[in-house]
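Q: I have a model open and some questions about how its pieces pack. Can we go through them one at a time?

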Amino acid sequence: MNRKPDQELPIVLLYGPRGSGKTSLVDSLAVRSALSASLPYLRFDCESYPAMEVWQMVAYFSRAIAGGRWAQSRPIWFPRATLGTLVLSADMATGDPQQIEDAIYQAITQRYLPAGLTENLPTFVDQVRESLVPSMSWLSRVTFLQPLLDWALTTRKVKHAITRTGMGYYGDRMGTTGPSALTELVRLRNSEDPVERERAGRIVCEALLEDMAQMWSSGWRPCNCLLLLDNADAASGKSFLRALAAAKAARYTRDPAPPLAVLATSRSWLNLDGHWLCPGYTPQGDRRHPTSSGRAGLADWVATRATGRIDRWWYPVLLDDLTRDDVEALESVLAPHRTRTCAGFVYELTAGHPKGTRMLLDVIGQLEGGAGVSEDSLRGILAAEYREPGAPAGRPMDTVVVEDLLRGVPQNLLNQITRWSATRDLSAARNLPTPPGDATLAGQPDAWTTLAESFWLVPRGASETVLHPWLRRVLLHRLSSGPTGAWESLYTALRESAQVEAARRCYDLAAHADAPDGRAVDEAVTFLTDEFSRLLAQGWPDEWIALLERVGGAPLRRPPDSVAVAAAHPVGSARAIIRNLLSARRVWADPLADPWGTGTGLLVAGFFGLAALTEVGRLSQEAMDLQRGRLRDPWEFHL
């Protein structure tokens, strides 16, 4: 935030799904800014004022900054922006210069912002005195001279000074002179043509940027100005950002650069033109996905920015989830006396989704007894009762989570998305037959668009896109709690459409999940045993291990009581070992089935057993990797 006169600053668009911590980050930045003695800033929640017009937001922004005081920064005022917003607030249904002047003066004593925005700020009259008549601004701080100043503002001389301030700027900008420039500004704002209304907002934003550029070009103002916009996907936020980007484009060749840094949060894609592409869609040509917050920075924006006059100012950033270490640190704060950590279990369920992480840690704290958290409690945690703040009673956690993460999604699309959670392969999921009552309605965004533009679709690698693990985990839990017939028919449909034999076996196992020793298991074991012999004969043990992981990723609708029960078959041949490995892998891969990861020992024994039979060192290495404590990856569960 340190000021450099020639430094261009982006409009940072911080994206993330619901519960990803965007508002918490904005709050943290606001607190840090408030502690600074030289950083002018404003935090504004667009969702609280969705109907505000661009000029009203400019008025509020300039008023808040001009009304603030920073010990290590000279005072700031916005004569051009204040004059423009003042004119737009007045009744200007006239072309007579004298009446225009009178209407402007009348607006001085009126508050024209929505109720509640000016409660904790000095009066609007003070704003005009400080911004439009800076030579007299010191008088407003001298109490005994206040009546004299009130009288002075009633004189024609001061009224002329007010109307002249900034008049030259608007005259040049509107291509005319005198009061007619302001009349034209009002006409644009009142026009029924949306293009003309947008132009009025852009002109006022340009005035704001010009004021800032001139203010910061003289005097001691060491830091840029920071604007924090939360929930910028509200109508007011989108309009303001469009106008601001257009204003920056209109003056980007002028010096000095405006010292305004903007960070706006959004839980939906704002449809940026050209250069940037919403996650969930495959990049083509020069189009790029947003940068992750871990890599974001001014240098990255300069290196990746677009070349267009407007879209060059956008810098979309996708907020990262918490890491495993972050979850451990949070648990240590919330439960410092817990003897057995649950952080790994929580991370493996949520993949670090911030709100999901906090919710699980809260529920674990409620379930924790004198002897700690039981394994059975963790197995049933998504069905545990969770009471939301202010709610009269608790509800099942999976219900609360789905309603929160997919708030506002129509029921027909919610039903489609729930079925999609059955498989990691979303191309297969999209080919599932849709019941007539759940079909996408005419004019309704489809399920893919709904998920992509709310950031629940996450690119993995060059060509794969998957559901966020936390959302998929909860939806799959709800799916498994439904009728047995619906579960079986869903996976049977996936099996019939699968083109790869390993996927077919995986879906067949899942469809018969309630019969762990049935035909589907025998056929899967036969397939893995035959592939074991073939691939090892060709010297490809890595391919067989990957195959076991894929087939062993078949979801269990009703997990067994323990991993030991799942892998209790006598060992005497490669087939018997592979059968135990498959059963143990299916349970171990799911934290809800094996919360503490105790199945690792059975996997280690199985790989060592196969290594002893075949003398293949790669199998021993796999066993030792697991023995050293390989962690379960939440992004790889249930293929």
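Q: How are α2 and α10 oriented to each other, parallel or antiparallel?
A: Helix α2 (residues 54-67) and helix α10 have axes that come within 8 Å and cross at roughly 20 degrees, and α2 and α10 are therefore roughly parallel to each other. Angles under 35 degrees count as roughly parallel, over 145 as roughly antiparallel, 65 to 115 as roughly perpendicular and the rest as oblique. Axes are lines fitted to C-alpha atoms, for helices over the stretch in contact, with angles from 0 to 180 degrees between N-to-C directions. Helices (H or I, at least four residues) and strands (E, at least two) are DSSP runs, numbered from the N terminus.

Q: What should I know about the model itself?
A: This is a predicted model in which local features need pLDDT of at least 70 and side-chain atom pairs count only at pLDDT 80 or more, while totals for chains, interfaces and linings use all residues. Residues are numbered from 1 along each chain as its sequence is written, and side-chain values use heavy atoms, with hydrogens and water left out.

Q: Back to α2 and α10: which hand is the crossing?
A: The crossing of α2 and α10 is left-handed. A crossing is left-handed if the near helix is turned anticlockwise from the far one by less than a right angle, and right-handed if clockwise.

Q: Which residues meet there?
A: From α2, Val-54, Trp-55, Val-58, Phe-61 and Ser-62 meet Gly-201, Val-204, Cys-205, Leu-208 and Met-212 of α10. Contact means heavy atoms within 4.5 Å. By class, this contact of α2 with α10 has eight nonpolar, two polar and no charged residues. Ala, Val, Leu, Ile, Met, Phe, Trp, Tyr, Cys and Pro count as nonpolar, Asp, Glu, Lys and Arg as charged, and the others, Gly among them, as polar.

Q: And α10 with α11, what angle there?
A: Helix α10 (residues 194-216) packs on helix α11 (residues 235-251) at an angle of about 60 degrees, with the axes 8 Å apart. α10 and α11 are therefore oblique to each other, and α10 passes α11 in a right-handed crossing. By class, the contact of α10 with α11 has nine nonpolar, one polar and seven charged residues.

Q: Which residues are in that contact?
A: On the α10 side they include Gly-201, Arg-202, Cys-205 and Glu-206, and on the α11 side they include Phe-240, Arg-242, Lys-248 and Arg-251.

Q: Changing topic. What order do the sheet strands take?
A: Six strands form an open sheet in the order β2-β3-β4-β1-β6-β5, with parallel pairing. The edge strands are β2 and β5 (291-292), each pairing on one side only. Two strands pair if DSSP finds at least two bridges between them. Helix α1 (residues 22-34) packs on the sheet and touches β1 (11-15), β2, β3 and β4, and its direction makes about 155 degrees with that of β2.

Q: How many bridges join β3 to its neighbours β2 and β4?
A: Five bridges join strand β2 (residues 41-45) to β3, and five join β3 to strand β4 (residues 260-266). Asp-45 stands opposite Asp-230 in β3, and Leu-226 has Ala-261 in β4 as its bridge partner.

Q: How many residues of β3 are buried?
A: In strand β3 (residues 225-230), six of its six residues are buried. Cys-225, Leu-227 and Leu-229 point one way from β3, and Leu-226, Leu-228 and Asp-230 the other way. Buried means under 20% relative accessible area, exposed over 50%, and partly exposed in between (1.4 Å probe, protein chains only).

Q: Which residues have a positive phi without being glycine?
A: Phe-455, at about 70 degrees, and Glu-615, at about 55 degrees, are among them. Most residues other than glycine have a negative phi.

Q: Where are they, and are they buried or exposed?
A: Phe-455 lies in the loop between α20 (447-452) and β9 (457-460); at 4% relative accessibility, Phe-455 counts as buried. Glu-615 is in the loop between α28 (600-614) and α29 (617-627), and Glu-615 is exposed, with a relative accessible area of 74%.

Q: Last one: what does His-477 touch?
A: Not counting residues up to four places away in sequence, His-477 touches Leu-382, Ala-383, Asp-398 and Leu-592. His-477 is found in helix α21 (residues 469-480) and, at 17% relative accessibility, counts as buried.
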